[in-house]
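Here's a quick briefing to read alongside the model. Have the viewer open and follow along.

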Amino acid sequence: MPDGDVLLSNTDGTILAQGPTVLVCECPGDDLDLAVRRVAAFALVASLVVAGIVAARAAPFPILFIAGAWTAGAAAALLAVRRRRRLHGLFRLDFERDELIQDGRGFRRILPIQAIVGVSTPPASDTDVDEPGLAPRWLLLHLSTGEQLRLGRAPAYALGPALAFLRRAGVEA
């Protein structure tokens, strides 16, 4: 991660201000991606084994429906994880050059800064913190395409400096 003023640093990501016009955010996502890929790989291998057993006529044909269900479930899970990957990555918001660069796992895209229509901090639904002020919230960028990008996750008070930077840059809350 490049040098700059640290606006947020935790296990869910880092947000740095590199001068008054550049914001660098790293939000790698969670371990769900790896877990789903491993379970899906197991399900696909198990489906192949079941299909082989049926092909060898050591098991009845209707068991292939189970293998088909595993394959369909694994494919759906992998698709969901792939879509979720588009939310995370390393983001560079350069308001001087008017560009937003997203480097994700296996892709890179460059968008005009005008594609940003707003920012919000909704609660992270995957937590069980009892204290309302300490409950994690996502820092989300909303794009004109309807997409959302996750820049970081932290309690509301910790997201304040990054929100202030975005507001100074002209991003509506």
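Predicted model: local features only at pLDDT ≥ 70, side-chain atom pairs only at ≥ 80, totals over all residues.

Two helices, H1 (residues 32-55) and H2 (residues 63-85), pack with their axes coming within 9 Å. Elsewhere, the structure holds two aromatic pairs, and positive phi values turn up at Arg-57 and Asp-98.

**The H1/H2 pair**
- The axes of H1 and H2 cross at roughly 160°. That is over the 145 degrees cut-off, so H1 runs roughly antiparallel to H2.
- The crossing of H1 past H2 is left-handed.
- On the H1 side, the contact residues include Leu-32, Val-36, Ala-40, Leu-44, Ser-47 and Val-54. H2 answers with residues including Ile-63, Ala-67, Trp-70, Ala-74, Leu-78 and Arg-85.
- Sorted by class, this contact of H1 with H2 has 17 nonpolar, two polar and four charged residues.
- Ala-77 sits in helix H2 and counts as partly exposed because its relative accessibility is 28%.

**Aromatic rings**
- A ring pair is described by the distance of the centres and the angle of the planes.
- Phe-61 and Phe-65 have ring centres 6.4 Å apart and planes at 75°, so this pair is edge-to-face. Both Phe-61 and Phe-65 are exposed.
- For Phe-95 and Phe-165, the centres are 6.4 Å apart and the planes are at 50°, so this pair is tilted.
- The Phe-95/Phe-165 pair links distant parts of the chain, 70 residues apart. Phe-95 belongs to the loop between strand E4 (89-94) and strand E5 (99-104), while Phe-165 belongs to helix H3 (residues 156-168).
- How accessible is Phe-95, buried or exposed? Its relative accessibility is 15%, so Phe-95 counts as buried. Phe-165 is buried too, at 4% relative accessible area.

**Positive phi in loops**
- Arg-57, in the loop between H1 and H2, has phi near 60°. Arg-57 is exposed, with a relative accessible area of 75%.
- Asp-98 also has a positive phi, about 60°, and is not a glycine. Asp-98 lies in the loop between E4 and E5 and is partly exposed at 36% relative accessible area.

Terms used. Residues numbered from 1 in each chain as written. Heavy atoms only, no water. Axes fitted to C-alpha atoms, helices over the stretch in contact; angles between N-to-C directions. Helix = DSSP H or I, 4+ residues; strand = E, 2+ residues; numbered from the N terminus. Parallel < 35°, antiparallel > 145°, perpendicular 65-115°, else oblique. Left-handed = near helix turned anticlockwise from the far one by under 90°. Contact = heavy atoms within 4.5 Å. Nonpolar A, V, L, I, M, F, W, Y, C, P; charged D, E, K, R; others polar. Phe/Tyr/Trp six-rings, centres within 6.5 Å; stacked < 30°, edge-to-face > 60°. Buried < 20%, exposed > 50% of the residue type's maximum accessible area, 1.4 Å probe, protein only.
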